[in-house]
Amino acid sequence: MLLEICAGDIDSVYAAARGGADRVELCCALSEGGLTPSVGMIEEALTVDGIKVNVLIRPRTGDFVYSNAELRVMVRDIETCRRLGVNGVVFGALKPDGDIDTESCRRMAEAAEGLHMTFHRAFDMCRDPRQAVKDILALGCDRILTSGLAATAMEGATLIGELQAEYPSITFIAAGSVSPENVAEIIERTRVGEVHASAKAITGSSMEFRNDGVNMGKTDVDEYSRMTTSEEIVRKLVRAYSQCVSQTK
């Protein structure tokens, strides 16, 4: 089994490593579903011992239908990631009809030559998951991150398990509200070899002076707290899935 943590800031990378995770999916703006992190953040993450770094390639929030300009941005970001020496990149693109945008993805795959390639949860927005898997396999991706086209991995476990059994040459990573409380059941139901979680908890601000009348963006957001990866939740996830694996041997 392999545990991947979705790390939305550099503190989360350190917490994931200390907690025993195997890999991080590095991003920023996790509250928006994750966006491509800065070069500085990637470089710092690569200095953290004992953990592999895969970088999310997503230039904006919203859908996964991209313009030519956006595609050029993503290709440049992948080229930068390869130059920096990351373990892999996480990308995806769809056509307006819900099929995989194979041409755009092929250009990204070519830029990622030599890196591990994960097709991200754009897969969960596709029209036909089995055709999508075939298209993704043809691109050379080695992983698909998915909740089984459902709101959570638990709800989509049946489909994830079916796809993993039908397409054993690619690794499905179960994602979507994975927690220490449900990870064993998700593994049992899907038979996947990898799981993905954010392991988030609220971190309070160290600010002593506070101006509660000002917001940096959304008006309903607490500017003096944020969600970051919890080392303790990562440890609990590791213990839970390790026990599950031991019981199945």
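## Burial and packing in a predicted chain

Cys28 is partly exposed, with a relative accessible area of 24%. Here buried means under 20% relative accessible area, exposed over 50%, and partly exposed in between, with a 1.4 Å probe and protein chains only. The model is predicted, so local features need pLDDT of at least 70 and side-chain atom pairs pLDDT 80 or more, while totals for chains, interfaces and linings use all residues. Residues are numbered from 1 along each chain as its sequence is written, and side-chain values use heavy atoms, without hydrogens or water.

**Overall fold.** The protein chain holds eight helices and ten strands. These are DSSP runs numbered from the N terminus: helices are H or I with at least four residues, strands E with at least two. A compact globule of 249 residues would have a radius of gyration near 18 Å, and the chain agrees at 18 Å. That radius is taken over C-alpha atoms; the globule rule is 2.2 Å times the number of residues to the power 0.38. Of the 249 residues, 49% count as buried. Among contacts (heavy atoms within 4.5 Å) between residues at least 6 apart in sequence, 66% join residues at least 24 apart.

**Cysteines.** The whole structure has zero disulfides, a disulfide being a pair of cysteine sulfur atoms within 2.5 Å. Cys27 is in none; its nearest cysteine sulfur, that of Cys6, is 3.9 Å away. Cys27 is buried, at 0% relative accessible area. Cys28 is in no disulfide either; the sulfur of Cys27 is its nearest, 6.6 Å away.

**Strand residues.** Arg143 lies in strand E6 (residues 143-146). Beyond its neighbours within four places in sequence, Arg143 contacts residues including Arg23, His116, Phe119, Ile173 and Glu194. Thr228 lies in strand E10 (residues 225-229). The Thr228 side chain makes a polar contact with the side chain of Thr203 at 2.6 Å. A polar contact is a pair of N or O atoms within 3.5 Å; within protein, one must be able to donate a hydrogen and the other to accept it, and residues adjacent in sequence count only if both atoms are side-chain atoms. Outside four places in sequence, Thr228 also touches Asp9, Ser12 and Ala199, among others.

| Residue | Relative accessibility and class |
|---|---|
| Arg143 | 12%, buried |
| Thr228 | 8%, buried |

**Helix H6.** Within H6 (residues 157-166), Ala157, Leu159, Ile160, Gly161, Leu163 and Gln164 are buried. The buried residues pack against helix H5 (129-139), E6, strand E7 (171-175) and helix H7 (183-190).
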